Amino acid sequence: MKKDNKYSVKERLFSSGLTFTLLSILVGFLIGAVVLLIAGFNPLDAYRIIIEGIFSRTKYISYAIIYSTPLIITGLSVTFAFRTGLFNIGAEGQFIIGSLVAALIGHFLELPLVLHVIAILIGAALAAGLWGGIAGFLKAKFGVHEVIATIMLNWTALYLNNYIIMKPFFRRPESETSKDILDSASITFVEKWKYSDAGREWLSGHPYLKDFLAAPANAGIIFAIILAIMIWYILNKTTLGYELRAVGYNKFAAEYGGIKVKKSIITSMVIAGAIAGLAGAIQVMGVTKNVIVLPLMEGYGFDGIAVSLIAGNMAIGNIFSGLLFGALKYGGPKIQPPLGAPSEVIDIMIGTIVFFIAIPRIFKMVLEIKNKKRGEKSAR
């Protein structure tokens, strides 16, 4: 009886989503090590450099958090859509729209500090929400698949962004960059104070904090964590979340139960779009301070898909998967100068992690085969 209970615990352990995620991460690192070995590099040296490049200085930790913040939020956008039965591949375009609107409001609207930040967040969320809502409307009204609609909207957002930036009223002279946002629109920590005499004197006695603030540390990570908690609450503790998830599970049963399916589809895409737009706004207010003409997609929205998958499509999980993803994105390229190792190995690792998370049946099949063999031995 005890033996059966032991196997039962093992089966539950190996069938959990967290276990599959951790195994997938481990496999990703192992395959990354194999790639490095094939290329003629010592994987232990490479991983040591990556770890030191993330944790050896508070400045590096600060940068890793900065890299992670937009990925956490775009991951939340994808997660929200996934949990309601939709695939929001348009987080990239919604991010661009949020960034553009944030730069416009940040430059042209003059308000006190807190009010200005709130106005930008609301404006970016509304604009990107409407952008996402277009895909929701096309799906609800005409049956256009959201993947097709959002891919087209991604490119439309990119060219709209480039068109507006190049207008004389918004373009920085002789450049392909917009004008900067006002100081009141910034969420960077003590941006002006740390350069004052009093700030420099105080920071000289706090070397770790001084090093942390050497990067453009900002309040974005705080917004990201609050947003993750809000999304978890909406999905799991509210009537709206119940209705949206019900449509995602089975739209026919939801409709039979009195839920307005078409309205729910549009609402879900509006909220998912608004979340991705907030990621763009926070990136502008905290890091870039402007927007630029884009020759290609920046990738924040597409990386958000990977972050969401690594998180198991769980809102709180996006915080941890986003931090992992952002840290690897920041620390990974550091293996190139000292070793000459290709930084693309990080993309291989991330791709492998996502691949194995997306097909957890492989692990389940291995477990089933193992249990079958055990059963055959017991029968003998």
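Is Lys139 buried, partly exposed or exposed? I opened the notebook with this residue, keeping in mind that the model is predicted, and found that Lys139 is partly exposed, with a relative accessible area of 24%.

**Entry 1, the partner of Lys139.** I looked up what the side chain of Lys139 meets, and it forms a salt bridge with the side chain of Glu146, at 3.1 Å from N to O. Glu146 is buried, its relative accessible area being 3%, and I noted that this value falls under the 20% that marks a buried residue.

**Entry 2, a bridge between two helices.** I then turned to Lys329 and Asp303, whose side chains meet in a salt bridge of 3.9 Å, N to O. Lys329 belongs to helix H15 (residues 317–331) and Asp303 to helix H14 (residues 300–310), so this pair ties together parts that are 26 residues apart in sequence. For Lys329 I recorded a relative accessibility of 28%, which counts as partly exposed.

Within helix H3 (residues 43–55) I found Arg48 and Glu52, four residues apart, about one turn of the helix, and their side chains meet in a salt bridge at 3.4 Å, N to O. Both ends are partly exposed, Arg48 with a relative accessible area of 41% and Glu52 with 39%. I also wrote down that Asp45 joins Arg48 and Glu52 in a network of salt bridges. The count for the model comes to six salt bridges.

On the surface I looked up a nonpolar patch formed by Leu109, Leu111, Leu113, Val114, Leu115, Ile118, Ile122 and Leu126, which together have about 720 Å² of accessible area. I checked one of these residues, Val114, which lies in helix H6 and is exposed, with a relative accessible area of 58%.

Which helices each supply at least two residues of the lining of the second largest pocket? I listed helix H6 (113–142), helix H10 (220–237) and helix H13 (261–288), and noted that H10 gives the largest share, six residues. The volume of this pocket is about 280 Å³; 14 residues line it, and the closest to its centre are Leu227, Met230, Ala274, Ile275 and Leu278. By residue class, I found that the lining divides into 14 nonpolar, no polar and no charged residues.

How values were computed: Residues numbered from 1 in each chain as written. Predicted model: local features only at pLDDT ≥ 70, side-chain atom pairs only at ≥ 80, totals over all residues. Heavy atoms only, no water. 1 Å grid on protein atoms, 1.4 Å probe; cavity = no way out; pocket = protein on both sides within 12 Å on 5 of 7 lines; lining within 4 Å. Points joined across faces, edges and corners; volume = space filled by probe spheres on them. Nonpolar A, V, L, I, M, F, W, Y, C, P; charged D, E, K, R; others polar. Patch = residues over 30% accessible without salt bridge, like charges linked within 9 Å, V, L, I, M, F, W, Y side chains within 5 Å. Areas by Shrake-Rupley, 256 points an atom, 1.4 Å probe, with all protein chains shown as cover. Salt bridge = Lys/Arg side-chain N within 4 Å of Asp/Glu carboxyl O. Buried < 20%, exposed > 50% of the residue type's maximum accessible area, 1.4 Å probe, protein only.
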